[in-house]
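The stops below are intended to be followed in order.

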Amino acid sequence: MYAICAIGVLMIYSTTGDAARAASSRLFIVQLYAIGIGTVAFIVCLTVDYRSLTDRAHLVYILLLGLLVYVLLFGVRRGGGQRWIQLPLFNFQPSEFVKIALALLLARLFAANLKRFPSTANLVVGGLLTGIPLLLIMAQPDLGTAVTLVPVLLGIAFISGMRLGVAGVLLALAILAAPV
């Protein structure tokens, strides 16, 4: 992993390492900081038990919905979208964390089902739980991130035992609804 990171840093340095442009030659240092932050995040993820997160998935989900609403009201606008919360050292994009929280919440929802496959009611509830952040993210507008929530729903439902035919029908409906 770090070999690939080193190659990436060398590539950034070789393409932007012009001494005449001090701002661009600093990009490889920013990349080194990002690798360090990623390493810390990796270690934190290894030490946190995901089962304890599923017990609190609904709280994390509600917190992130609140942050999505906050972004719509007070977020930083850049590049045509209002997607970030400005913090002292960096900008925070809650929509990226919604994917993880949604996956945990849906896994908890479908795990509570005692049948072999998710019931229609569970699929409807899962669809509603997916639809709320999807609409909030689309309002930012960030269609790319919003669209990734649908495969999270379909993937978790499929892993929990949803029949392939039902998955195909839902996928076809999603494709037909995409232009809307």
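Begin by colouring the protein by pLDDT, the predictor's confidence in each residue, from 0 to 100. The average for the protein is 84, and 93% of the residues score at least 70. This is a predicted model, in which local features need pLDDT of at least 70 and side-chain atom pairs count only at pLDDT 80 or more, while totals for chains, interfaces and linings use all residues. Residues are numbered from 1 along each chain as its sequence is written, and side-chain values use heavy atoms, with hydrogens and water left out.

Helices here are DSSP runs (H or I, at least four residues), numbered from the N terminus. Where pLDDT is low, the predicted coordinates should not be read in detail.

Now select Met-1, Tyr-2, Phe-42, Ile-43 and Leu-46, which make a nonpolar surface patch of about 560 Å². Such a patch joins nonpolar side chains (Val, Leu, Ile, Met, Phe, Trp, Tyr) within 5 Å, taken from residues with over 30% relative accessible area and no salt bridge. Accessible areas come from the Shrake-Rupley method with a 1.4 Å probe, and for residues only the protein chains shown count as cover. Helix α3 (residues 27–47) gives the most to this patch, with 3 residues. Tyr-2 belongs to helix α1 (residues 2–16) and is partly exposed at 43% relative accessible area; partly exposed lies between buried (under 20%) and exposed (over 50%).

The structure holds 3 aromatic pairs, that is, rings of Phe, Tyr and Trp (its six-membered ring) with centres within 6.5 Å; planes under 30 degrees apart count as stacked, over 60 as edge-to-face and the rest as tilted. Select Tyr-13 and Phe-28: their ring centres are 4.8 Å apart and their planes stand at 80°, so the pair is edge-to-face. Because Tyr-13 lies in helix α1 and Phe-28 in helix α3, this pair ties together parts that are 15 residues apart in sequence. Phe-92 and Phe-97 form a stacked pair, with 5.2 Å from centre to centre and 25° between the planes.

How values were computed
Patches are made of residues with over 30% relative accessible area and no salt bridge: like charges are joined within 9 Å, nonpolar side chains (Val, Leu, Ile, Met, Phe, Trp, Tyr) within 5 Å. A salt bridge is a side-chain nitrogen of Lys or Arg within 4 Å of a carboxyl oxygen of Asp or Glu. Helices (H or I, at least four residues) and strands (E, at least two) are DSSP runs, numbered from the N terminus. Buried means under 20% relative accessible area, exposed over 50%, partly exposed in between (1.4 Å probe, protein chains only).
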